[in-house]
Amino acid sequence: MKFIGIIPARYSSSRFPGKPLALLGGKPVIQWVCERAATVLDNVWVATDDDRIAEAVKNFGGNAVMTSAEHRSGTDRIREATEKIGAGCDVVINIQGDEPFVAPSQIKAVCDCFSDPTTQIATLGIPFGNDIKAITNPNSPKIVTDVNGYAMYFSRSVIPFIRGKADDEWPEAFPFLKHIGLYGYRREVLTAITNLPPSPLEVAESLEQLRWLQNGYKIKVGLTDTETIGIDTPEDLARAEARLAMATNGKP
């Protein structure tokens with residue numbers, strides 16, 4: 001089975017313009033993502049709508065493809081990039097461009113979901129543990145899965161509701177699962193889902209994957225025990241620098 005990794009990267013961001021080019025440990029954030037993805041995938045591309053990002057990627061020896069600035073989502077950008085690259089592949093892996101610490105094991109976990117020939121789309125989940133504050137954070141979507149590891153629903157609300165217990169008892173009562181936005185799509189499924197209109201559940205929760213579920217697509221959920229740090233704000237970048245410094249100094 002042939003995989004291709006595509007990293008959507010926009011320059012515009014309301015909270016952190018230009019974040020793919022922000023320096024982390026002396027390298028652009030997007031370079032960290034590319035280098036980590038390349039340890040698992042032989043074919044990795046950055047899909048962007050900005051010449052500055054494309055130029056930076058080429059300068060560090062990466063592959064970049066220019067895409068429209070009008071896309072509604074990273075998934076739409078990935079479809080255009082896949083068509084422009086023209087590389088034959090069975091599965092497209094969508095790696096977030098603002099995740100400089102994405103672990104090779106996470107990418108591999110998504111790829112491994114496709115060893116099941118019935119997998120159409122794959123993504124990743126990580127147990128929340130006992131942190132009720134993280135569980136109740138609407139910016140950390142939750143997943144519930146069926147007994148075969150397929151997603152039943154994603155929500156910004158806490159799901160499931162634990163009846164008969166105080167909130168602080170919930171983490172011990174159920175293994176809540178956090179969604180990590182790493183995706184894989186079979187090539188023909190990627191084309192199909194980008195032709196779907198927004199669905200009512202997607203609009204309500206502002207979660208694109210609900211469009212796919214509501215239209216009958218099945219999403220396999222791989223598991224990881226590795227947390228990542230997304231770069232959404234300059235403050236996130238400062239935390240990432242601190243984490244990098246600790247790793248460099250041999251601290252956990």
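User: How far is the sulfur of C113 from the closest cysteine sulfur?

Analyst: In this predicted model, the sulfur of C113 lies 8.9 Å from the closest cysteine sulfur, which belongs to C111, and that is too far for a bond. A disulfide would need the two sulfur atoms within 2.5 Å.

User: And what about C89, which cysteine sulfur is nearest to that one?

Analyst: For C89 the nearest cysteine sulfur is again that of C111, at 11 Å, and C89 is in no disulfide. By the 2.5 Å rule, the count of disulfides comes to zero.

User: Are C89 and C113 buried or exposed?

Analyst: C89 is buried, with a relative accessible area of 12%, and C113 is buried as well, at 7%.

User: Switching to the core, which residues have the most contacts inside the largest one?

Analyst: The largest nonpolar core has 28 residues, and those with the most contacts inside it are I7, V46, I93, I95 and I107. Among the elements that give two or more residues to this core are the strands β1 (3-9), β4 (44-48) and β6 (91-94), together with the helices α1 (29-37), α2 (51-59) and α4 (104-112). Apart from it lies another core, of 27 residues, and C89 is one of its members, along with V92, L177 and L190.

User: What does I7 touch, if I skip its neighbours within four places in sequence?

Analyst: With those neighbours left aside, I7 is in contact with I30, V33 and C34, with V44, W45, V46 and A47, and with I95, Q96 and G97.

User: Where is the cis peptide bond?

Analyst: A cis peptide bond joins I159 and P160, with omega at about 0°. P160 lies in the loop that runs between β9 (151-155) and α6 (170-173).

User: Which residue has a positive phi although it is not a glycine, and where does it sit?

Analyst: That is S206, whose phi is positive, at about 55°. S206 is placed in the loop between α8 (200-205) and α9, and with a relative accessible area of 54% S206 is exposed.

User: Last one, E70: where is it, and is it buried or exposed?

Analyst: E70 is found in the loop between β5 (64-66) and α3, and at 68% relative accessibility E70 counts as exposed. The C-alpha atoms of E70 and D49 are separated by 8.9 Å, with the two residues 21 residues apart along the chain.

Technical notes
Residues are numbered from 1 along each chain as its sequence is written. This is a predicted model: local features need pLDDT of at least 70, side-chain atom pairs count only at pLDDT 80 or more; totals for chains, interfaces and linings use all residues. Side-chain values use heavy atoms; hydrogens and water are left out. Buried means under 20% relative accessible area, exposed over 50%, partly exposed in between (1.4 Å probe, protein chains only). A nonpolar core is a set of buried Ala, Val, Leu, Ile, Met, Phe, Trp, Tyr and Cys residues joined through side-chain atoms within 4.5 Å. Helices (H or I, at least four residues) and strands (E, at least two) are DSSP runs, numbered from the N terminus. Contact means heavy atoms within 4.5 Å.
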